[in-house]
Amino acid sequence: MAVYLDDVSRTFGEYLLIPGLTRKECTPESVSLQTPLVRFRKGEEASIRLNVPLVSAIMQSVSGPELSIALARNGGLSFIFGSQPIASQSEMVRRVKKFKAGFVVSDANLTPKHTLTDVLALGAQTGHSTIGVTDDGTANGRLLGLVTSRDYRIETDAPETKVAMFMTPFEDLIVGSLGITLREANNIIWGHKLNTLPIIDGEQRLQYFVFRKDYDSHRAYPYELLGRDKELLVGAGINTRDFKERVPALVEAGVDVLCLDSSDGFSEWQAETLEWIKGRYDVPVGAGNVVDGDGFHYLASRGADFVKVGIGGGSICITREQKGIGRGQATAVMDVASARDAYYQKTGYYVPLCSDGGLVHDYHMVLALAMGADFLMMGRYFARFDEAPGKKLTVGNNFVKEYWGEGSNRAKNWQRYDAGGVEALKFEEGVDSFVPYAGKLKDNLAVTLGKIRATMCSCGTLSIQELQANAKITLVSATSIVEGGAHDVTLRE
């Protein structure tokens, strides 16, 4: 007969944290949010550690290159969505890897044969007033000159005037050589009173611009997630169908970590994919999703470098509705965390957990971490920001952003369901929706991280590891939940 579990399937909203002793050293600025991303041996450190315990979901409406750059600059990591052609996903990875703090790949370029009309059109399209003039009009062509708003006058110069007639030619430019450090580039900018310093390689090909206006912004990102080569770290989602073609392309593009993306990862398809990748590449691979210890042990024992926990808890996910499988996210995290700890004691390998879905309020993030998650994957949270791929629209009197699930018909991503065989899925496991527009990632993330640090201080803990070891958690009743919000008053408008 079927196996019946005694525990109730519970969500984060059914729990609260009990305060611990807040010592004098428990101040928000003293809290470390560093956490391991990938497996490591006892007594060693993980090869990749996040500076904040947040990653963005493997979704078309969330993890494009712009959000990947913004999140990595703020200490987290994105997994660029895999429900797209291999070439375009690989190019998105390259865009993130090419970004260097302060070193900007030019996306406004023309040739000397273009006209002032082209300059004005490109400026209106990109919003940039600095244009690289290269032999082929590309970002990495041979640099021949530079055009800024000081090089022409709209009132007096003819629209058909060739760029060659008013650009600052290469021989009059001060440039930096590829390999220069940001400090050296800024010294040149300040020493020569420049606004822009082009960086070229040995063949005079344009590589980057360094701008004076970015000088102060570099100090605003103390938690940037950088690799040994000082490039931003980025992940990518993969599936169990075309991995033999997709993985080599992503590795060649410079991806730092991969993640198998499935609504149900407890499958032989994922084991086969892990085995194939591990036998050929030295790139970490996460797997999932699972909701119990059996699923965790299956994937961890087959080499998963982290395991993703959660089925049906996402705001746009309807897997539980459609298929009747899943588990309350809080219960799932606690059960899998217990299995993770037992696996660590038995094997000496710590396999981090990623809690994916079920996070409604910021304090839920602290609960998930306290219950054993090492980092959190979120979709709705990041989809609200300027950097997310979804369009910004006006619905009624409100600004919103588009947000759709990978299991929705819009995503057309049936490869993530690991059903086997050739039969396509005939039903959806996600919806197409809107989320309230929230502005820039950096501003909103600062508020969220501030709340997390403050809550951890109230628990008397200064690190995620301390939180997991010492947090006290209590179940709450339905009436207690009501009591926790504003009640029995008439709120002012």
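V336 is found in helix α11, which spans residues 329-347. The model described here is predicted.

- Apart from neighbours within four places in sequence, V336 is in contact with V290, V291, D292, G293, F296, V309 and L353.
- Between V336 and T455 the C-alpha to C-alpha distance is 24 Å, and the two are 119 residues apart in sequence.

**T448 in helix α14**
- Helix α14 covers residues 441-458 and includes T448.
- T448 counts as buried because its relative accessibility is 3%, and the cut-off for buried is under 20%.
- Leaving out residues up to four places away in sequence, T448 touches D362, M365 and Y381.
- With D362, the T448 side chain makes a polar contact, side chain to side chain, at 3.4 Å.

**Salt bridges**
- The whole structure holds 20 salt bridges.
- Side chains of opposite charge can pair when their charged atoms come close.
- One of the salt bridges joins the side chains of D356 and K308 (3.1 Å, N to O). This pair links distant parts of the chain, 48 residues apart: D356 is in strand β19 (residues 353-356) and K308 in strand β17 (residues 306-309).
- D356 is buried at 18% relative accessibility, and K308 is buried at 1%.
- D335 forms a salt bridge with R327, with the closest N and O atoms 2.6 Å apart. Through shared partners, salt bridges join D7, R327 and D335 into one network.
- D335 is partly exposed at 27% relative accessibility, whereas R327 is buried at 9%.
- R10 and E14 also meet in a salt bridge through their side chains (2.9 Å, N to O).

How values were computed. Residues numbered from 1 in each chain as written. Predicted model: local features only at pLDDT ≥ 70, side-chain atom pairs only at ≥ 80, totals over all residues. Heavy atoms only, no water. Helix = DSSP H or I, 4+ residues; strand = E, 2+ residues; numbered from the N terminus. Contact = heavy atoms within 4.5 Å. Buried < 20%, exposed > 50% of the residue type's maximum accessible area, 1.4 Å probe, protein only. Polar contact = N/O pair within 3.5 Å; in protein donor to acceptor, adjacent residues only side chain to side chain. Salt bridge = Lys/Arg side-chain N within 4 Å of Asp/Glu carboxyl O.
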